[in-house]
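Trainee: I would like to go through some of the labels used for this structure and see what each one rests on.

Mentor: Then ask about them in turn.

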Amino acid sequence: MKADRPEGPQAALSPVCAPAAPDLGTLRAEIDRIDAAMHALLIERSQIIDRLVAVKRAQGTESGSAFRPAREASMMRQIVDRHRGILPLDTVEGIWRVIISTFTYVQAPYAVHADLASGEAAMRDASRFHFGFTVPFIGHMGAAGVVAAVARSRGDLGLVPAFASPSAGAWWTALEGAHAPKIIARLPFVERADHPAGLPVFCIAHPVTDGAVTEVETWSLHVSGWNAQAARTLAPLADVIAVPDRGLDGAALLASIPVGDAATLDTVLAALREGGASVRAAALVGSHASRYTHSPQG
């Protein structure tokens, strides 16, 4: 006997029972659970920061800004490189920037002073993206005012454009003194073509003794005989900002020289001499992380 079972085309059209899709209420409950867990983790993070501040006070190490550029640069690189999914990278990076900067502010309150002379909107966007809205924002019409304000403060940060600005002058010469503020970071920590706050800026603060990053050294150079040939010879070795200084053929340079590469201060000075220029003075005015470019996955 044949078993009773459908045969022929009708068998292929028999309905197959699929698992029921979760309803909207279930999915929303999952989102609420995740939101509560994230909030609980932020509260837990704040409790650890509270203990960290107590330890610093007990050890007598609580002074100046709590900004740690080496750690922040490393964290931001890891975050953007491991990110996946439909959530825009702008959002992920922005959330972490607010978390990091706000908890830094909780440890040691600070303000951000910014040079608005080259464009207020772009500089304000850069400041708010990197430091959030909790940290006070103070605008200045010129880089010199930013440097002076940071110098007077205990732990404030300053933002100035990391490119030549006609109105700025050689603002970095004010960083040459032993006790003057220094360049401690270059923002954004991760560069990409579609960055919503991609304005390149130097971050200035009192010298960081704990957590400094020295992948790139920034040098203030006073040069005689500055010319197009010297600029071309220097270009492969360092990122340079140049403005007129002390005479028709003089220039003040801010040279960012990668540490550990073929270029050193000595090779930069040799290149300047080869190009027909000479250096009257050189002073180390800071350091920062190397420029890190992120390419979207795909």
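**Labels and the values behind them**

Mentor: Start with Arg-291, which counts as partly exposed at 46% relative accessibility. Keep in mind that the model is predicted.

Trainee: Why is Arg-291 called partly exposed?

Mentor: Its relative accessibility is 46%. Buried means under 20% and exposed means over 50%, so 46% falls in between and Arg-291 is partly exposed.

Trainee: How do you know that Arg-291 forms a salt bridge with Asp-239?

Mentor: The closest N and O atoms of the pair are 3.5 Å apart. The cut-off for a salt bridge is 4 Å, so Arg-291 and Asp-239 qualify. Asp-239 is also partly exposed, with a relative accessible area of 43%.

Trainee: What makes Asp-245 and Arg-280 a salt bridge?

Mentor: Their side chains meet at 3.3 Å, N to O, and the limit is 4 Å. Asp-245 lies in the loop between β8 and β9 (251-258) and Arg-280 in strand β10, so this pair ties together parts that are 35 residues apart in sequence.

Trainee: Are Asp-245 and Arg-280 buried or partly exposed?

Mentor: Asp-245 has a relative accessible area of 13%, which is under 20%, so Asp-245 is buried. Arg-280, at 37% relative accessibility, falls between 20% and 50%, so Arg-280 counts as partly exposed.

Trainee: How many salt bridges does a search of the whole structure find?

Mentor: The search finds eleven. Asp-90, Glu-93, Arg-192 and Asp-194 are linked in a network of salt bridges.

Trainee: Why is Arg-77 called buried?

Mentor: Arg-77 has a relative accessible area of 16%. Buried means under 20%, so the label applies to Arg-77. This residue lies in helix α3 (residues 69-82).

Trainee: How do you know that the side chains of Arg-77 and Glu-215 make a polar contact?

Mentor: The distance is 3.2 Å, and the cut-off is 3.5 Å. Beyond four places in sequence, Arg-77 touches Val-190, Glu-215, Ala-289, Ser-290 and Tyr-292.

Trainee: Why is Cys-203 called buried?

Mentor: Cys-203 has 0% relative accessibility, and the label needs a value under 20%. Cys-203 is in strand β6 (residues 201-205). Leaving aside neighbours within four places in sequence, its contacts include Phe-67, Leu-157 and Ala-185. Cys-203 and Ala-185 are 18 residues apart in sequence, yet 5.0 Å apart in space, C-alpha to C-alpha.

Key:
Residues numbered from 1 in each chain as written. Predicted model: local features only at pLDDT ≥ 70, side-chain atom pairs only at ≥ 80, totals over all residues. Heavy atoms only, no water. Helix = DSSP H or I, 4+ residues; strand = E, 2+ residues; numbered from the N terminus. Buried < 20%, exposed > 50% of the residue type's maximum accessible area, 1.4 Å probe, protein only. Polar contact = N/O pair within 3.5 Å; in protein donor to acceptor, adjacent residues only side chain to side chain. Contact = heavy atoms within 4.5 Å.
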